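Biologist: Could you take one part of this model and go through it closely for me? I'd like to see how the pieces connect, with the cut-offs spelled out as you go.

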Amino acid sequence: MPIYREDLPGLLKMGRNIVIGVFLTILLLTAGCGSFYSVEQGDRGIHTRLGALAAVTPPGPHFKVPFIDDIKTISVRDEPIEWKQDAATGDSRMESYSRDQQPADIAVTVTWSLPDDETTIADIFTTYGSRDRLYRAVVLPKAVEAVKNVFGTYDAVTVIQQRAKFNTDVSANLKSLLQGYPVEINGVQVQDISFSDAYENAVEARMMAQVEVQKKEQEKQTTQITADMAVINAESRARQTKLQGDADADVIRTKGAAEAAAIKARADALALNGKLVELTAAERWNGQLPTTMVPGSAVPFITVR
């Protein structure tokens with residue numbers, strides 16, 4: 001279809017209208033899409049209007065004015081404090097000194113969070129601008145200070161033996177240092193305390209010496225107990241022998257006394273009755289006369305005048 005010169009203005013106007021229509025459509029679509037935003041669970045929305053804080057919004061969908069309002073988020077989840085990373089293990093470690101001046105690398109995890117309160121979140125944004133700035137300006141330095149302060153009150157041996165108490169003391173000290181700041185400390189956990197190789201070798205040698213001393217002491221106690229038992233057994237046997245001797249002596253004395261009493265009784269009886277001997281002999285005679293006789297002797301139990 002041929003285009004004539006007189007048709008050019010109309011065509012240009014139509015093209016301009018098309019361009020404007022497309023631009024307005026894109027603008028309206030952009031404005032419509034930019035009028036809504038959502039906040040994820042565990043976050044809070046920082047709704048600003050021309051740079052000024054307008055509201056702190058909870059999780060869910062929300063409306064904003066396109067090209068005027070801006071939305072940022074701040075997390076209220078528990079997060080760990082990250083110390084200097086150990087290149088070999090990947091653990092977060094912090095160097096500190098014990099009360100007896102022993103250097104140690106401490107792998108400790110401190111979990112913290114922000115209070116889930118709109119007013120507090122607004123104050124944090126107004127004062128620090130973001131959670132990360134609060135972390136770097138307050139939380140991390142105070143956590144390092146707390147661990148170093150508490151670790152410096154423990155001897156190297158004591159902190160190993162009382163790790164649970166060390167955890168509790170660090171948590172209490174850190175909460176004290178952060179009092180007045182919008183921060184919540186939710187847990188302190190010491191994973192490892194590594195001393196120098198020289199110190200650990202010295203501790204191992206000392207422990208081996210203590211074990212040897214305890215072994216010798218145990219052997220000494222065993223020997224002493226054995227000797228005491230031998231003495232007790234000997235004393236017991238001696239007491240038994242003495243008791244048996246006393247019992248035998250009592251039996252002999254009793255038997256002797258009885259025999260003496262019997263003899264005395266017989267003697268008394270003989271003294272009172274001279275015929276008792278003849279009676280006793282008669283009682284014991286079996287009725288047989290002797291087959292031989294000594295000249296001049298008398299026949300038993302026969303009186304010949």
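**The ring cluster and its helix**

Modeller: Let's start with the rings: Phe151, Tyr154, Phe166 and Phe195 are joined into a cluster by ring pairs. Rings of Phe, Tyr and Trp (its six-membered ring) pair if their centres lie within 6.5 Å; planes under 30 degrees apart count as stacked, over 60 as edge-to-face and the rest as tilted. Before going on, bear in mind that this is a predicted model, where local features need pLDDT of at least 70 and side-chain atom pairs count only at pLDDT 80 or more, while totals for chains, interfaces and linings use all residues. Residues are numbered from 1 along each chain as its sequence is written, and side-chain values use heavy atoms, with hydrogens and water left out.

The structure has four aromatic pairs. One of them is Phe151 with Phe166, an edge-to-face pair with 5.9 Å between centres and 75 degrees between planes. The two sit 15 residues apart, Phe151 in helix H3 and Phe166 in helix H5. Helices here are DSSP runs (H or I, at least four residues), strands likewise (E, at least two), and both are numbered from the N terminus. Phe151 and Phe166 are both buried, meaning under 20% relative accessible area; exposed is over 50%, and partly exposed is in between (1.4 Å probe, protein chains only).

Now follow H3 itself. Buried residues of H3 include Leu134, Val138, Val139 and Val147, along with Phe151.

That brings us to the largest nonpolar core, with 41 residues, where Trp112 and Leu134 have the most contacts inside it. Such a core is a set of buried Ala, Val, Leu, Ile, Met, Phe, Trp, Tyr and Cys residues joined through side-chain atoms within 4.5 Å. Among the elements giving two or more residues to this core are strand S9 (103-113), helix H2 (118-128), H3, H5 and strand S10 (184-195). The top contributor is H3, with nine residues. Zooming out, 23% of the protein's 305 residues count as buried.
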